[in-house]
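The exercises below each set a task and then work through a solution step by step. Please look over the sequence and the model before starting.

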Amino acid sequence: MLGALFLDKEVEEVKYLLKSELEDLLHDITDDQLHHVVRRAMEERYQILFKILKRFASREECIKYVRTQQNIK
């Protein structure tokens with residue numbers, strides 16, 4: 001396990017970057033022309049980034065990015 005110290009401004013920047021990447025992935029995952037292997041890799045990346053976001057963001061901020069079975073194809 002690793003630890004790190006972040007300034008408040010740095011935490012906000014990390015949250016912004018994570019949210020931006022998650023939104024891009026959400027948009028790209030919905031493309032019906034994606035090969036299933038690519039879609040699975042994107043889903044795995046999404047889950048990893050979401051777990052990181054949960055360490056930085058409040059519960060309310062994270063709720064927007066929760067993936068349920070309904071929105072997973």
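**Exercise 1: two helices**

The axes of helix 1 (residues 8-29) and helix 2 (residues 36-56) come within 10 Å and cross at roughly 155°; work out how the two helices are oriented and which residues meet. Axes are lines fitted to C-alpha atoms, for helices over the stretch in contact, and angles run from 0 to 180 degrees between N-to-C directions.

Solution. Because angles under 35 degrees count as roughly parallel, over 145 as roughly antiparallel, 65 to 115 as roughly perpendicular and the rest as oblique, helix 1 is roughly antiparallel to helix 2. Next, with contact meaning heavy atoms within 4.5 Å, the residues of helix 1 that meet helix 2 include Val11, Leu18 and Leu25, while those on the helix 2 side include Met42, Leu49 and Phe56. Sorted by class, this contact has 14 nonpolar, no polar and seven charged residues (Ala, Val, Leu, Ile, Met, Phe, Trp, Tyr, Cys and Pro count as nonpolar, Asp, Glu, Lys and Arg as charged, and the others, Gly among them, as polar).

The model is predicted, with local features needing pLDDT of at least 70 and side-chain atom pairs counting only at pLDDT 80 or more, whereas totals for chains, interfaces and linings use all residues. Residues are numbered from 1 along each chain as its sequence is written, and side-chain values use heavy atoms, leaving out hydrogens and water.

**Exercise 2: the secondary structure**

**Exercise 3: the aromatic pair**

Describe the one aromatic pair that the structure holds.

Solution. Rings of Phe, Tyr and Trp (its six-membered ring) pair if their centres lie within 6.5 Å, and planes under 30 degrees apart count as stacked, over 60 as edge-to-face and the rest as tilted. Phenylalanine 6 and phenylalanine 56 are 5.4 Å apart centre to centre with 75° between the planes, an edge-to-face pair. Phenylalanine 6 lies in the segment before helix 1 and phenylalanine 56 in helix 2, 50 residues apart.

Notes. Helices (H or I, at least four residues) and strands (E, at least two) are DSSP runs, numbered from the N terminus.
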